[in-house]
Amino acid sequence: MQPDVILFGPLDTVFGSEGPGGVLLIEYVLLVLVLANFGTRLLAHRRHESQYEEGGAEAITRHPAHVATNVLLVVTAFFYMTIAAHGGMVMSVLVLGAVITDFFEFESRKVEARRDIPLERPNGAIVAVLVVAMYASYQALFWVIKGPWSSVI
């Protein structure tokens, strides 16, 4: 399924084309980015813990790989909205919610470090990205269960 309007030229043509299962390639890209974001979230939390142990609250900084995956997720979700309006809008709202939650979770880790209490996992951001991952999985992998699902429903 090619997009009706081509805004970004070759990008629309490549990512708007269908991949395995008749799904847009951009949906697979989003799923991979969400999974990468989980990995960088784990790395960032481990780094925050080690920075806190070594230098206190002022030593805690954002992990560049995690910031990069957040930015890529936002940009890709907005780009997805230009190809598939409904799915892109839902994905963009979910991704923005996850990024905003991640911002406040980072600030919470700084507050915990200033108060000299153990750093907690970023539970709110984990749940937000889990919701994004569920929607991205639904968009990209529904074709796997479409046959049995259609026979039940």
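Which residues does Thr69 touch, not counting residues up to four places away in sequence? In this predicted model, the answer is Ala36, Asn37 and Thr40.

**Helix 2 against helix 3**
- The axes of helix 2 and helix 3 are 8 Å apart and meet at an angle of about 160°.
- Because angles over 145 degrees count as roughly antiparallel, helix 2 is roughly antiparallel to helix 3.
- The crossing of helix 2 past helix 3 is left-handed.
- By class, 15 nonpolar, six polar and three charged residues make up this contact.
- On the helix 2 side the contact residues include Leu30, Leu33 and Ala44, and on the helix 3 side they include Leu72, Leu73 and Phe79.

**Thr69, in helix 3**
- Thr69 sits in helix 3, which covers residues 64-83.
- With a relative accessible area of 8%, Thr69 is buried.

**Arg41, in helix 2**
- Arg41 belongs to helix 2, residues 25-55, and is buried, at a relative accessible area of 5%.
- Beyond its neighbours within four places in sequence, Arg41 contacts His66, Asn70, Asp102, Pro122, Ala125, Ile126 and Val129.
- Arg41 and Ala65 are 24 residues apart in sequence, while their C-alpha atoms are 8.9 Å apart in space.

**Helix 4 and what follows**
- Helix 4 (residues 85-114) has 30 residues and reaches 43 Å from first C-alpha to last, close to the expected 44 Å.
- Just after helix 4, Asp116 adopts a positive phi of about 55°.

How values were computed
Residues are numbered from 1 along each chain as its sequence is written. This is a predicted model: local features need pLDDT of at least 70, side-chain atom pairs count only at pLDDT 80 or more; totals for chains, interfaces and linings use all residues. Side-chain values use heavy atoms; hydrogens and water are left out. Helices (H or I, at least four residues) and strands (E, at least two) are DSSP runs, numbered from the N terminus. Buried means under 20% relative accessible area, exposed over 50%, partly exposed in between (1.4 Å probe, protein chains only). Contact means heavy atoms within 4.5 Å. The expected span of a helix is 1.5 Å times one less than its number of residues. Axes are lines fitted to C-alpha atoms, for helices over the stretch in contact, and angles run from 0 to 180 degrees between N-to-C directions. Angles under 35 degrees count as roughly parallel, over 145 as roughly antiparallel, 65 to 115 as roughly perpendicular and the rest as oblique. A crossing is left-handed if the near helix is turned anticlockwise from the far one by less than a right angle, and right-handed if clockwise. Ala, Val, Leu, Ile, Met, Phe, Trp, Tyr, Cys and Pro count as nonpolar, Asp, Glu, Lys and Arg as charged, and the others, Gly among them, as polar.
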